[in-house]
Amino acid sequence: MFTPSPKLQGQDKGKVRKKWRPFRATDFESLMYPCFIFCTILGLFPYKNDGLTFELSKSGHIVTTVVIITAGIWGSTVLFEVNIMGDIRFDGVPGALQCNCYYILGGVIAVITYVMTKKRSLLLQSMQEVSSKLPPELYRKMSKLVHAKDIIGFLFILMQMYNCIIPFNYGDFFLKMMSLYLTMLVFQTDMLYMDCVYVLKACFTQLNDNLLSLRELVVSDEPHLLRRIYHEQRNPYLLMELKALKKRHLMVSDTVHLLNTVCSMQVLTTIVMTFAEITFGLYFYIVAWQGARNIINLEKQIWFAYYITSVTYYSIKIVFIVWACDTGKDQALQIGTTVHDILISTSDKQIKDELQLFSLQILHRENSFTAKGLTVDATLLTAIVGSITTYLLILIQFLVTSQTCIAKKQ
């Protein structure tokens, strides 16, 4: 049921560095490899991994500092030209408001990413340790989704670069290239978070499977409990496995807490940005549909087919994040149910005592994925959809009423 300790696995891994292959992950490092590479390209991954530990690289940290400072100056210059100098003009106030909102929120995520650089190395180290007992077959299965979304998503955003260059306009070029970089930065930080949640979900699933296997052993042992010799040999083994599972659950729970600490503000900002961009995109589409063609400068947008692509991209991304967090929370809750089932299935006092301690541990560790107190689950997604729908219905009703009034006056 159990695999060798993380330390031994790490030693073996450090001796033999396997070549990475897409959709063929065998450990945490190979599963996260595409995300790590894309983060390195963007200057967001100042770490080195020797197969045992994640450490902050001095040269990498310098590169990250230079990149963030450059991006900050670039973004501030764009906002200055939009709001003060007026060199970059928008046809309407909503377009300028969207630009300000996007740059400010993207800048906040960039700053948070930089500030949390050191804590993120602790998070990655903890992730590598708690996931070391996951079997290679499970990693291979997870890599089909993780590698696909990371690679396809990055290439999809990179394709928008063509729209940034052609047609070339000096002012719009710097605006759109900075927007493209912020989009990539936000996407990679979100994917890093989602990948970690997905791995923790797998850890909870494995814990639950191990508990189910333990339940079968406990139930099958009941007829033999009166056999003193068999009981003395078998009972310590079950207690040992139960204590190991309890310890592992504590490690995974600590990692969930660390993930919430490191990524909480980033995820909250991402949620606000997603809500704003979807709302702006649908607003521009409805207003343009009503005949106001100059409400937004499409030549200043990085997206092909803006009205479809932008809304679809942000909608799919937030659905994936919420799905990973919601299913991960469900798997964590399922462990409590399984422990209770084992508790009512055994009459052994020692096992009952250990299960009750395990149950108390589960009750004291709320393994949900949060963003500054806001739980990321299906309820949040429902609230976002409901808010956007209500706003759009009010907007449509307002536009229809306005047109009716204008028609009556004519």
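## Charged pairs and surface patches

Tyr 162 sits in helix H7, which spans residues 161–165. Helices here are DSSP runs of H or I with at least four residues, strands are E runs of at least two, and both are numbered from the N terminus. This is a predicted model, where local features need pLDDT of at least 70 and side-chain atom pairs count only at pLDDT 80 or more, while totals for chains, interfaces and linings use all residues. Residues are numbered from 1 along each chain as its sequence is written, and side-chain values use heavy atoms, leaving out hydrogens and water.

Patch residues have over 30% relative accessible area and no salt bridge; nonpolar side chains (Val, Leu, Ile, Met, Phe, Trp, Tyr) are joined within 5 Å and like charges within 9 Å. Areas come from the Shrake-Rupley method with a 1.4 Å probe, and for residues only the protein chains shown count as cover.

A positive patch is made by Arg 21, Arg 24, Arg 140, Lys 141 and Lys 144. Lys and Arg count as positive, Asp and Glu as negative, with His and the chain ends not counted; each charge is placed at NZ of Lys, CZ of Arg, CG of Asp or CD of Glu. Arg 140 belongs to helix H6 (residues 136–159) and is partly exposed, with a relative accessible area of 31%. Buried means under 20%, exposed over 50%, and partly exposed in between (1.4 Å probe, protein chains only).

Now for the salt bridges. Side chains of opposite charge can pair when their charged atoms come close. The cut-off is a side-chain nitrogen of Lys or Arg within 4 Å of a carboxyl oxygen of Asp or Glu. The whole structure holds 8 salt bridges, including these:

| Salt bridge | N to O distance |
|---|---|
| Asp 150 and Lys 149 | 2.7 Å |
| Asp 190 and Lys 317 | 2.8 Å |
| Lys 329 and Asp 377 | 3.0 Å |

Asp 190 in helix H8 (residues 170–221) and Lys 317 in helix H10 (residues 306–345) link distant parts of the chain, 127 residues apart. Both Asp 190 and Lys 317 are buried.

Lys 329 lies in helix H10 and Asp 377 in the loop between strand E4 (374–375) and helix H12 (378–409), so this pair ties together parts 48 residues apart in sequence. Lys 329 is buried at 18% relative accessibility, and Asp 377 is buried at 9%.

Lys 149 and Asp 150 also belong to a salt-bridge network with Asp 195. Asp 150 is buried at 0% relative accessibility, and Lys 149 is buried at 12%.
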